[in-house]
Amino acid sequence: MCLYLFVLDVTDEYMMKWFFLIVFVVSAGFHASMEWWYLRGNNQYVISILLLVVGLIYFGIVIF
C-alpha cells in the first residue's frame, strides 16, 4: 500500500478509489476466511461477510 502511494500518481482519483476498494475486499475476505477456518463451530464469519457486502454497497453509493 505504501509503495502504491509513492510510485503511482496519487492525484488520479479514479485509481485511488479502485485501489482502496480492492484493499477493503481483500482484507475483509481474508478476515472472514480466517474466522471460517479457525472458528469451525461458530458462524461468526457470516457477520464478516455481511459487513463486506454492506461496505461494498457503501462504496457503490457514496464513493462512486
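What does the accessible surface of the protein come to, and what percentage of it belongs to carbon and sulfur atoms? The surface comes to about 5100 Å², with 75% belonging to carbon and sulfur atoms (Shrake-Rupley method, 1.4 Å probe; for residues, only the protein chains shown count as cover).

The model is predicted: local features need pLDDT of at least 70 and side-chain atom pairs pLDDT 80 or more, while totals for chains, interfaces and linings use all residues. Residues are numbered from 1 along each chain as its sequence is written, and side-chain values use heavy atoms, without hydrogens and water.

The protein has three helices and zero strands (DSSP runs numbered from the N terminus: H or I, at least four residues; E, at least two). Of its 64 residues, 17% count as buried (under 20% relative accessible area; exposed is over 50%, partly exposed in between; 1.4 Å probe, protein chains only).

| Helix 3 property | Value |
|---|---|
| Residues in helix 3 | 19 residues |
| Span, first C-alpha to last | 26 Å |

The expected span is 1.5 Å times one less than the number of residues. In helix 3, S48, L52, G55 and F59 are buried. Seen down the axis, the buried residues of helix 3 fall within an arc of 65°, so they line one face (the arc is that of directions from the helix axis to the C-beta atoms). The face turned away from this buried side carries exposed I47, L50, V54 and I61. Helix 2 (13-38) is included in what covers the buried residues of helix 3.

S48 counts as buried because its relative accessibility is 9%. Leaving aside neighbours within four places in sequence, S48 is in contact with H31, A32 and E35 (heavy atoms within 4.5 Å).
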